[in-house]
Amino acid sequence: MEKLLLTDETSMNQVFTEKDGYNHVSFLDAIDENDRVDGVAKVTGKAKYFAEYQLPGLTYGVLVTSTITKGKIVDIDTKAAKNAPGVLDVLSHMNKPAVAGYEQEGGSPMKIFYTDQIFYNGQPIALVVANTFERATYAASLVKVSYHKEAFNTDFKSSIKDEKVKKLQGQPPYKRGMEDAYKTAEVKVEQVYTMPVETHNPMELHGIIADWRTNDQVTVYAKTQGVKATQNTIANVFKIPVENIQVNSEFVGGGFGMALRTWPLEIATIMASKQLKKPVKLVITRDQMFTMVGNRPAAYQKIGLGATKEGKITGITHIAFGQSATYENFTEGVVNMTKFMYDSENVNTNYYVIPLDMGVPIWMRGPGEATGAFALESAIDEMAHALNMDPLDFRIKNDPEKDLAQNRPFSSKYIKEAYRLGAEQIGWKNRKMIPGSLIDGSWQVGYGVSIGVFNASRGRASVKGILKADGTLVLQSATSDIGPGTGTGMTLIASRLLNIPVDKIVFELGDSSLPPAPSQGGSATLSTVGSAVNDVCVSLKSTIAELAANSNMDAHAHFTEVLKKNNLPMIEVTKQSQANAEAKNYSMYSFSIHFVQVKVHQLTGVVKVSKVVSVGDSGKIVSPKTARSQMVGGAVGGIGMALMEEALLDNRYGRYINNNFADYHVPVHADVPEIDVIFIDKADPIINPMGAKGMGEIALIGFAGAVANAVFNATGKRIRSLPITPDKILQA
Amino acid sequence: MINFQYLRTTAVKTALNLIVKDPKAVFIAGGTNLIDLMKRGVATPEKLIDINHLPLKDIELVNNVLQVGALTSNTALAEHITVKQQFPLLMLALQSGASAQLRNVATVGGNMMQRTRCGYFYDITMPCNKREPGSGCGAINGYNRMHAIFGTSESCIAVHPSDMCVALVALGAQVVILGHKGERKINFSDFHRLPGTTPETDNNLRKGELITKIQIPINGFNQNYHYLKVRDRSSYAFALVSVAAALIIKNGLISDARLAMGGVAHKPWRLTSSEDFLKGKAGTTANFEAAAQLAMKDAKSFGENDFKLKLAPNAIVEALTIAKSKS
Ligand SMILES: Cc1cc2nc3c(=O)[nH]c(=O)nc-3n(C[C@H](O)[C@H](O)[C@H](O)COP(=O)(O)OP(=O)(O)OC[C@H]3O[C@@H](n4cnc5c(N)ncnc54)[C@H](O)[C@@H]3O)c2cc1C
Ligand code: SF4
C-alpha cells in the first residue's frame, strides 16, 4: 500500500502519494496510523455496548407481542405473570402509565401502551419487568391476551393491482420533457422489478437501559445513530427539559438505519423505569428484530426505457411502489437517481406507498436508492443488450455533463475514470457479448456492472477541541459511530492538520452532553463533523501561532513549548460548522461503480460471486482503511441483497416465518470473494475543507444490479426479482 | 421458556431410569436443537437429563464395522481417521452441516433426533400437525420452498434436515438402541419414518429409549463418492436438496452404487431403484440421467418447492458425475 504522508495543514490534497494518481488499498494492510482508533477495544471486549452497563438494582424487561394482525385487545390477563417469581410489574394499555407527551400529540408515531388497537402482528402490547431476564421471559409467556380480530391486508404483491387497496403518493410526480417518451422510441425496454422485505438485523440486538435518577431526570444507555435525536424524542414524549436527559451510546453494534429513530419499545422501557423507580433494561429477541425496528420496504418497480438505435437514451419512466404501514407512513428516495443519472431529455417518475398492516419500515443502508438502482441499472443493462452494445459503452455514452434534474453542474464527478479503472481491474475484456458463452467446467461465467449514487451532504455540527500542554488533543462532539469508524476519520483529520500523532488524540462521541451534531445517517458524518474538526484545528493552530508570536517564539515551535512558555495547561475552542453558500449552486453526489464476476452452476442454479471490484468516487479519502471497510461491507451487504435476503411473511397470518438467523440468510465468509476496492480519491472542491464526500451508502447502492446483470451475462437469464436464488435460475 | 429441572449422570442405566419414570423428561446432548425449541416454546420439558457425560463417545473398528458412540460430536466423527479413510462420504456430509461451532457440540444421536426446520413448526401461534396434532398444516398451502417432494401426506410435508443421516443411510448403517427391555438394532433407513397421519412422531425410537451407537460396515465406497449440498448460501444453510453418491467402478462398469437424498422427504431418502439401475452399467451421463429420472418417480411438489422436481434430478447427475470423476 502507498504510504500515507502527513503533510502540513494547507495541502490536504497531497495527503497521499500516488504513483498512478489513485489509491489502491490492498487486502492486508500493515498496522499503521490508519488503524481504527477503537479497534483494539472492540476486539478485546473493552468497548462497552449499551446492554453491557451494569447499573445497581437493574431490572429486566421482556415484551409480550400481539399474535393477531389487526383488531383490538379485549383483555390482558396478567395475574399469573404478576405472581411469577421475581416479577415487579406488567405494563400495558390496561394500566397505561402516565406519559405527558401522549396526551398532546397526534396519532403518529405509534404511542405504545396507549390504546387497545392492534396495527400489526408482533406489535408490542405489554412489558413484563422482573429481577432477572429469565424470570421476565417466563412471566411474559404467562400473559394471556384475548383479542377481537379484524380483517387485515399484508399482501404487498396483490395490493399493487388491487384498486380497492389505498395507495399514497410517496413523492410528488416528476416530469422532464415528455411523459412516457420511451413508448415511441426506436428501441425500448419495459419491465417490472421486485424486491422483498429486508431486515437490518445487525449482530447487536436492539434495546435500551433507562434509569430515572429523579422524578424529572433520566439517563439512558441506548443503541442509537443519534444521541441528540434520542434526547429530543425523550424530551418530547416525557415533557422534561432536554438538559435533564443524558443519552449514552459510545459503541453501537451496527445500525444500518434501524437506529435512526427512538422506537416504541424504547419509550416503553423508559416508562417502566419511571413507574418502577428502578433502572430497566430491555434487549429484544432476534425474532422481534423483524417486527419492531423497521425494515427495508418491499418494492415493485416498472421501468420504461427508450433509446435510439445508436444507443442514445431518449426517455426514462420509473414508477415505483413501496410498502408502508397503516399507523405511520414511510417514504424514501426510490426514484431519485433516475432523475439525473442518465442524459435523457425526457424523464418521468412516480412513487407510491401502500399502507399495509405491518410494522413501519425505516431506512436501510442505501435507503430507497439501493432499491431504485436495482431496477434502473437492470433496465440499463437490458437496453444495452437489446442494442447489442457493451453496457459500459452504453453507460458512458449516456453519462450527463450536468445534473439535468436541477439544471446545475455536479460539484465533482469522475465516473468515466471509475468505469475505466474498474473495468481494467476486473478484466472486463474477458466479458463475452453473447450471454451464456463463457464456461468454466460446470459453471457459466458472467460479468456485470452497475452504478450507485447518493446525495453527498453536509449538515451543521459543533466540535470542541482541547489542546493540552502534555501534547495531547481531545475532540468532542455528540455524533455517533455505528461502525464506519467515525473517531478514526476525525482523528486523522486532526492529526494531519496539527501534526499530532494519532495516539495522542482522543475523539469523544456518543454522549448527548457533548457539543451537538446530527444523527449518523445519509453518509454525512465525515463531511459534517469532519468540517467542524477541521475548523477547530485551524483555529487552535492560529491561536498557537499568535501565542508563539506574542512570546517571541519561533513560528515553527511545537505547541507544547508554546503552551508551557505561556503557562497554559491547555487551550480550548468550540466551532460550529455548516455548508457554505456556494454549495447551493452545485449538485453534490458520491458515486460508486460495482463490477462483479459471477459463476452460475448449470445444473443446480447456484450463483457464486467470484470477483468484486468496487470503485468509489467520493472525493478525497480521509481514512483509507475504514473507507475500504465501508466498501467491503457494502459489497457483502450487496451480495446478501442480490442473492439471499428475504423476510418471508405469510399473508394468511400476517407473521414472518423465517425470523431467525438460520433461515433469514445473510452472506457468510464462504460467500464473499476477495473484494478489490479502488478510490478515485480526488477532492471535491465545493463540499467541505477536506474535499471528502460520504460513502457509506454508495458502497451498497447498485451492487445488486451488478450481480443481476452478471447473472444475465453468464446465463442469458434475466432475474428481475430479488433475491436471485437457485430456484429462480432453474425455473427461468 | 418454562422452568425446568436439570440432572446429569455418568451412568447409562441411571439415564434410562430417570427418563422412563417421567413423561416430561427428555435427554439433552449438545442442546443445539433442543434449546432452540425450548426458547420458542415448541418443546416444554420439565426435566432435562444431560447425557453428555455418558461413556458413549468412543469410535472403534470391530470386525470391519465402525462403532460410533451416540455422543460423539459431529466434528470428532468427521475428523476420525477411519472415517476419513473408509467413509469420506460421511465426512463430507458432516462438514457440510451447520457451522463449525455447532458441529463441535452437536452429537450423532442429537443429529438423528433433530426436528424439522419448518417455519410453522417453530411458531407456536401457527397451525402445525407435527407440533399440535389436528391443528392443520401451515406449510402445505403456505411457504413450502424447503419442503418435501417424496413420501408426503396430507397432514405434513416437512423434511428431516440432517446431512449426516443422508450419508449414513447411503452407507447402510445400523442404529443401536438401549431401552429398559434391553438392546435392539434398527437399519438406519428404518429409523426415521414418513409422516402419514401421525407427523408428530419423527422416528421409531420409543419413549424411554436411548441411542447408544451407530454401526457402519466397511464397504469400499471410499474411492468414488461425493456429497453435494445445494443451498441458498455457501455454508451454514440447510439443504434445498442434497445427494450422497458413491460408486464402485470395476473395469469401467459400476459394480455397486449408493444414492440417497436429503431435503426431499421426512426421512433421509435412499434411492434403491436408481442404485439397482446403475449396477453393471457404465458411468455415462446418459445413465446418470436415467438413474435420476427413476429416482423422481412418485415425486410431488406443492408450489413453492416445484423447483425441486428439476433440482433433485440435476443434483443427482452432478453428484454422480463428481463421484465418478474422483480417482
Ligand atoms: C443454525 C443451525 C444450523 C444448522 N444447520 C444444519 C445443517 O446444515 N445440517 C445438519 O445436518 N444439521 C444442521 N443443524 C442441526 C444440528 O446438526 C443439530 O442441532 C444437532 O445435530 C443436534 O445435536 P445435539 O447433540 O445438539 O442435540 P440436542 O439438541 O441435545 O438434542 C436433540 C434431540 O435429540 C435427543 N437426543 C440427543 N441424543 C440422544 C440420544 N443419544 N438418544 C436419544 N435421544 C437423543 C434429545 O432428547 C433432543 O430431543 C443446524 C442447527 C442450527 C441451530
Ligand atoms: S409441514 Fe409438517 S411441520 Fe410443517 S406445518 Fe405442516 S405439519 Fe407442521
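This report walks through selected features of the structure above.

The model is predicted: local features need pLDDT of at least 70, side-chain atom pairs count only at pLDDT 80 or more, and totals for chains, interfaces and linings use all residues. Residues are numbered from 1 along each chain as its sequence is written, chains are lettered from A and ligands numbered from 1 in the order in which they are written, and side-chain values use heavy atoms, with hydrogens and water left out.

**A helix in chain A**

Start with helix α4 of chain A, residues 133–142. Helices (H or I, at least four residues) and strands (E, at least two) are DSSP runs, numbered from the N terminus. Four residues of α4 are buried: A:A136, A:A139, A:A140 and A:L142. Seen down the axis of α4(A), these buried residues fall within an arc of 150 degrees, so they line one face of the helix. The arc is that of the directions from the helix axis to the C-beta atoms. Buried means under 20% relative accessible area, exposed over 50%, and partly exposed in between (1.4 Å probe, protein chains only).

What do the buried residues of α4(A) pack against? Their partners in chain A include the strands β2 (59–65), β3 (71–77) and β4 (87–92). Helix α2 (79–83) is also among them, as are β6 (124–130) and β7 (144–149).

**Two residues and their contacts**

Strand β7 of chain A holds A:K149. This lysine is exposed, at 63% relative accessibility. Leaving aside neighbours within four places in sequence, A:K149 is in contact (heavy atoms within 4.5 Å) with A:I68 and A:K70. A:K149 and A:K228 are 79 residues apart in sequence and 39 Å apart in space, C-alpha to C-alpha.

In chain B, B:N287 sits in helix α12, residues 285–295. Is B:N287 buried or exposed? At 17% relative accessibility, B:N287 counts as buried. Beyond its neighbours within four places in sequence, B:N287 is in contact with B:F277, B:L278, B:K281 and B:A282.

**Backbone angles in loops**

| Residue | Phi | Relative accessibility |
|---|---|---|
| A:F256 | near 55 degrees | 38%, partly exposed |
| A:N388 | about 60 degrees | 60%, exposed |

A:F256 lies in the loop between β12 (245–248) and α7 (264–276) of chain A. A:N388 lies in the loop between α8 (369–387) and α9 (391–397) of chain A.

Another loop holds a cis peptide bond. The bond runs from A:L722 to A:P723, with omega near -5 degrees. A:P723 lies between α15 (703–715) and α16 (726–731) of chain A.

**Around ligand 2**

How many residues surround ligand 2? There are 15, each with a heavy atom within 4 Å. The closest are B:C118, B:C128, B:C137, B:C156 and B:I157. By class, the shell has nine nonpolar, five polar and one charged residues. Ala, Val, Leu, Ile, Met, Phe, Trp, Tyr, Cys and Pro count as nonpolar, Asp, Glu, Lys and Arg as charged, and the others, Gly among them, as polar.

**Cavities**

A cavity is a set of points, on a 1 Å grid over the protein atoms alone, where a 1.4 Å probe fits but cannot get out. Grid points are joined across faces, edges and corners, and a volume is the space filled by probe spheres set on the points. The count comes to six cavities of 30 Å³ or more. The largest cavity holds about 120 Å³ of space. Its lining has 15 residues; closest to its centre are B:M146, B:V159, B:P161, B:F238 and B:A239. Lining residues have an atom within 4 Å of a point. By class, six are nonpolar, seven polar and two charged.

Technical notes
On a 1 Å grid over the protein atoms alone, a cavity is a set of points where a 1.4 Å probe fits but cannot get out, and a pocket is an open set with protein on both sides within 12 Å along at least five of seven lines; lining residues have an atom within 4 Å of a point.
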